[in-house]
Amino acid sequence: MSGNAAIVGGGTTDWGERDATWKDLAQEAGKATFDDVDGLEPDDVEGLFVGAVQPERFAFQSHVAPLAAELLGIDANKMIARTELACASGQAALRYAWLAIAAGQLDVALVLGVEKMNIGKEYMPEMQSNMTNVLDREFDGVNGLNGPSHFAQFAQRHMHEHGTTREQLAMVSAKNKNHAAETDFAHYSRNVSVDDVLDSYPIAPPLNLLDCSGITDGATGVLVVSDEKAAELGVDTAAYITGSGQSCMSSNSINNLPSITTWPQAGEASREAYDQAGIEDPLEEIDVAEVHDCFSISEIIEYEQLGFCEEGEGGEFIEEGRSELDGDVAVNPRGGLLGCGHPLGATGVSQALEVYRQFAGDVPSSRAVAGDPDTGLIHNLSGSGSVHSVMTLGRDPQ
Ligand SMILES: CC(C)(COP(=O)(O)OP(=O)(O)OC[C@H]1O[C@@H](n2cnc3c(N)ncnc32)[C@H](O)[C@@H]1OP(=O)(O)O)[C@@H](O)C(=O)NCCC(=O)NCCS
């Protein structure tokens, strides 16, 4: 058992409002993934992990991991599972593949994230209700909370306590959407200015339409292998999983969250991952971070908790350009959830594939991270923000 597991490639569907079923999306992403990695075929896969949040509600389908295996011609004869951890389901799938490989149980795993969310604009209440299921239905649900109204409370409180401005929130959206305009599979691919964000219609004050991620269909896959297998394949680039942390502080309902200004769980999860990866100064050492910007306020809080700046200084961090491609740490060069959209189970897998592609230099130069990135991070929050998951990736094994 080597303990090392590496992403050696992957592929994605187009993301957006797709005239495609759950099965179509899984099959498309699977094919794109195998097409991307020379030397690996469905026959080589021993374990399949599928991140999927609500196929039952959006697509009337459960037991989706065996379904995906059948579609892709995989005999997952050692391990097969679906992971459901709301918006972190994709990262959870990756985490379990990593653990299985680190434990010596597998040499090759396919990690897929798949979500079909659009069922027709006329069913918007149903789509919102489906997403709201990840909150506590009896406490938070009956009070009308959904994604935008929940995160709007964090924005209001952050502005009140720390003087964060409406413009600073809009800067996050503009940065990420402008990156997404250079990302071929992104749901939203047009350039957006700070004024566009400020002028878009209100959803849940202070958040406007362009402060929100959208409702997106999409799927992404990555192949994860042991380092013996990576050596055998002779890959030029690998993204090794160097650390993985998670934290949930006895809270699911918003009533029991430790704070509505910040997420100490993100701090805990990141410190756990940094310890494993030997990262002492994240701002200095991390080149590229794909973080969970489901709403513009989220990225500002994440700068603070991931150790890029002090608590309360996230607004200044974006305003000073420190999260730009050539800043102290490039945040969301893919375009984030704000620009790419957020097909719940697929997001974490897509973030990891982006870090791999940044290492491989396989992104358009217009959104390539400056220098020669070799250390990356992915972050997801889930549910009411009660759980945070952080994974570090490196070009070299630990
Ligand atoms: C914000 C929200 C309510 C908007 O829904 P809506 O009012 O029906 O808006 P639409 O999806 O019809 O979009 C309106 C227009 O804005 C565009 N648009 C929507 N979101 C956009 C975005 N993030 N970036 C750029 N354009 C966007 C759409 O393409 C559409 O353009 P068109 O009129 O040219 O077709 C919905 O996207 C939403 O609920 N988002 C949050 C999802 C969520 O909570 N996820 C879980 C997070 S943890």
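This is a short tour of a predicted model, going from the whole chain to its nonpolar cores and then to one arginine.

**Whole chain**

The chain holds 15 helices and 12 strands. Its radius of gyration is 19 Å, close to the 21 Å that the globule rule gives for 398 residues, so the chain is as compact as a globular protein of that length. Orient the C-alpha trace along its principal axes, and the spans are about 55 × 45 × 40 Å.

Colour by burial next. Of the 398 residues, 61% count as buried. For contacts with a separation of 6 or more, 78% are between residues 24 or more positions apart.

Now select the charged side chains. There are 22 positive and 63 negative ones, and the centres of the two sets lie 6 Å apart.

**The nonpolar cores**

Hide the surface and select F151, I297, Y303, F308, V329 and L377. These have the most contacts inside the largest nonpolar core, which has 42 residues. To see where the core comes from, highlight helix 6 (147–162), helix 7 (166–180), helix 10 (264–277), helix 12 (296–305), helix 13 (314–319), helix 14 (336–340) and strand 11 (375–382); each supplies at least two residues of the core. Helix 10 gives the largest share, five residues. In soluble globular proteins, nonpolar side chains tend to be buried together.

Centre on F151. Not counting residues up to four places away in sequence, F151 touches L207, W263, C294, F295, I297, S298 and L381.

Then move to W22, V64, A68 and A238. They are among the residues of a second, separate core, which has 33 residues.

**R334**

Last, select R334, in the loop between strand 10 (330–331) and helix 14. Is this arginine buried or exposed? R334 has a relative accessible area of 1%, and the cut-off for buried is under 20%, so R334 counts as buried.

Show everything that touches R334. Leaving aside neighbours within four places in sequence, its contacts are W15, H179, A180, T183, F185, E290, C340, T347, S350, Q351, E354 and R367.

To finish, draw a distance from the C-alpha atom of R334 to that of A352. The two residues are 18 residues apart along the chain, and these atoms are separated by 10 Å.

Definitions and conventions:
Residues numbered from 1 in each chain as written. Predicted model: local features only at pLDDT ≥ 70, side-chain atom pairs only at ≥ 80, totals over all residues. Heavy atoms only, no water. Helix = DSSP H or I, 4+ residues; strand = E, 2+ residues; numbered from the N terminus. Rg over C-alpha atoms; globule rule 2.2 N^0.38 Å. Buried < 20%, exposed > 50% of the residue type's maximum accessible area, 1.4 Å probe, protein only. Contact = heavy atoms within 4.5 Å. Lys, Arg positive; Asp, Glu negative; His and termini not counted. Charge placed at Lys NZ, Arg CZ, Asp CG, Glu CD. Core = buried A, V, L, I, M, F, W, Y, C linked by side-chain atoms within 4.5 Å.
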